[in-house]
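Please follow a careful walk through one structure, helix by helix and then residue by residue. The sequence and the coordinates come next, and the explanation takes them up directly.

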Amino acid sequence: MIYTITFNPAIDLVVKSDKIILGELNRSDAEEFVAGGKGINASVIFKHLDQPTTATGFLGGFTGRFIEEALEDEAINHHFIPVDGTTRVNVKLHADVETEINSKGPHITAENMQALLDYLNDQVKAEDVIFLAGNAATGLGAADYVAIADLAAKAGARFVLDTNKDLLKECLSHHPFIIKPNRDELGELFGVVIESQSDTIKYAKKLQEAGAINVLVSLGGEGSLLLSETGDIYTANAPKGDVKNSVGAGDSMLAGFISEYLNTKDYKASLKRGAATGSATAFSVGIATREKIDEVYAQINVTPLVNE
């Protein structure tokens, strides 16, 4: 089973307009409500790729019920801890300039967090996957990420982590199975600007030395790069397509990677599936369908690099 954890889920209100003028009345050409949050996005991909998944985390209010109903419509199993307050709504403006407004979300108490840990302790078994993605909700901090990492280690489960640099640093010593910084985030972790492939490899190796087992770096229009635990290095190209929505692309990439790895234990094949899945979501309004993933998959080429 793959347990995805979203500490601070959201409904993404995707608004399309030719142009947005601040300070004036604007009208949308179209809008869509999408159940969002990195772990939830990953669970949708896992379902589309036929992997057993359970979405967990915290939900509250009428927006929380909307997310539960959206998951049930996709036949995705879920177990969220109910909290006081209302799950947030994020606004994604697609106009002449793409703009995002992310809301704060409800406060998560120590009792809420303990209820989630109790649930996971009861459920997670060896060889399961715990996929923790996104930033901390109000009331939570690095200690809560470390608690999830410890729980995964004690259960013998693979711990997948996708979060900001500060929380990532706190968890590296707990040996996450894979992390996925983008190039800018990789540079921020070390206070440098990444300007070349050799720089990317150099600093990704430093993350391995700090404890990460595998490091997947997304490079935007230049594709992606993987440093695997075997010492192999692979690159994948970026396919051609019309980018409609960058939200969820990174989550989809990591979920596609994990899905293929569980099936094959092949890192090269996993990078190909991950690159296709991330791009397929970027080319979609919401999270990519299986058909879109398979369509993009044919465009992906993975190349091994000589380990320097």
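Helix α1 is mostly covered, with 9 of its 11 residues buried, where buried means under 20% relative accessible area, exposed means over 50% and partly exposed lies in between, for a 1.4 Å probe and protein chains only. The buried residues are G39, I40, N41, A42, S43, V44, I45, F46 and H48, and just after α1, D50 takes a positive phi of about 65°. This is a predicted model, in which local features need pLDDT of at least 70 and side-chain atom pairs count only at pLDDT 80 or more, while totals for chains, interfaces and linings use all residues. Residues are numbered from 1 along each chain as its sequence is written, and side-chain values use heavy atoms, with hydrogens and water left out.

Helices (H or I, at least four residues) and strands (E, at least two) are DSSP runs, numbered from the N terminus. The axes of α1 (residues 38-48) and α8 (residues 249-264) come within 8 Å and cross at roughly 45°, the axes being lines fitted to C-alpha atoms, for helices over the stretch in contact, with angles from 0 to 180 degrees between N-to-C directions. The contact, meaning heavy atoms within 4.5 Å, is made by K38, N41, A42, I45 and F46 of α1 and by D251, S252, A255, G256, I258 and S259 of α8.

In α4 the buried residues are D144, Y145, V146, I148, A149, L151 and A152, and they pack against β1 (2-6), α3 (110-123), β8 (129-133), β9 (158-162) and α5 (165-171). After α4 comes G156, whose phi is positive, near 75°.

Two single residues complete the tour. T54 lies in strand β4 (residues 53-59) and is buried, with a relative accessible area of 1%. Leaving aside neighbours within four places in sequence, T54 is in contact with M1, I2, Y3, T4, S43, N77, H78, H79 and Y119. From C-alpha to C-alpha, T54 and G274 are 20 Å apart in space and 220 residues apart in sequence. S279, in helix α9 (residues 267-282), counts as buried at 16% relative accessibility, and, with neighbours within four places in sequence left aside, S279 is in contact with P239 and V296.
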